[in-house]
Amino acid sequence: MSSAFELRAPGPRGTPPLLARLVDDAALFPPGNANMPDAVRGHLDARSGEWAGAVGLFLCPASRLAELITELIKVKPVKPIALSLVIDTGLGGVPKAVSIVESRSELLALRMVEMPAPSDVDEVWLERVSEFVPEDVIRVVEPRRGGAEWLDGVRRVIEHGSWPKLRCGGVSRENFPSVDEVADFLAVVSSGGVAFKATAGLHHAVRHTDEKTGFTHHGFLNLLVATARALSGGDVREALASTDAAALGEEAGSLSDQAAHAVRGVFASYGSCSLDEPITDLDHLGLL
């Protein structure tokens, strides 16, 4: 399989390799919960904006696919929207959803299919995923986190040529993995020869505690630096736990293009319900 970076394609000139197509647009998902017209308009604006090179795929649940197509017919995009289809209708619904997307190629270009795994991530289920998703489309599977069985599931996902997904937050404290859990995940993935995608909770570049909820959020810049260290033998846990924005920014900015490509070959992208927040953070850190 081609590298994650090749599959997603670098951004326009001026976008650093470390950040090209990093942020997938999850405006339709919590806590943003944008309505479809606003989500589509926001994505199209971002795709033609100053920092378009950092913007990745548009995420849409399979259950809202018809709604998305109806909106795109209205706005008539100049070129098809690069889509990640998030399966919320069960594995059996994948073939129909894929067929619908492919029948509207003037509006949508299917790049990725994402889905949660059953609790045991069994071989038969993974084989069906491979059968249902076209070969040129990235398969992303999220094993349920918890205990050693979780990492075994991550390994099985990798062995079947899919990308594992790392959920970094949610509506309860249990949805937030610990620094040790993220470090263990990175150790498995960085040695597995496949990329991963992150989702949920990565609202800002640097690790921080939300004043309203009291939840401590991982930072996507922490995750980028931690991935770089996982590949070079550095201190992964220190990078994940750091709240020193300047130090993290300096370390990320000092990576060579070759090292940045290697990092993104592992940490491919993450979904954010806001495109403004990560872009603003990166701009303030001088990384764009």
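**From interior to surface**

Leaving aside residues up to four places away in sequence, Cys-60 touches Leu-28, Phe-29, Met-36, Leu-65, Leu-68, Leu-83, Ser-84, Leu-85 and Val-86, where contact means heavy atoms within 4.5 Å. The model is predicted: local features need pLDDT of at least 70, side-chain atom pairs count only at pLDDT 80 or more, and totals for chains, interfaces and linings use all residues. Residues are numbered from 1 along each chain as its sequence is written, and side-chain values use heavy atoms, with hydrogens and water left out.

Cys-60 belongs to strand 2 (residues 55-61); strands (E, at least two residues) and helices (H or I, at least four) are DSSP runs numbered from the N terminus. Because its relative accessible area is 0%, Cys-60 is buried; buried means under 20%, exposed over 50%, and partly exposed in between (1.4 Å probe, protein chains only). The C-alpha atoms of Cys-60 and Ala-195 are separated by 21 Å, the two residues being 135 residues apart along the chain.

Ser-162 is placed in the loop between helix 6 (147-159) and strand 6 (163-167). Its relative accessibility is 1%, so Ser-162 counts as buried. With residues up to four places away in sequence not counted, Ser-162 touches Arg-139, Val-141, Val-157 and Val-194.

Glu-123 is found in helix 5 and counts as partly exposed because its relative accessibility is 40%.
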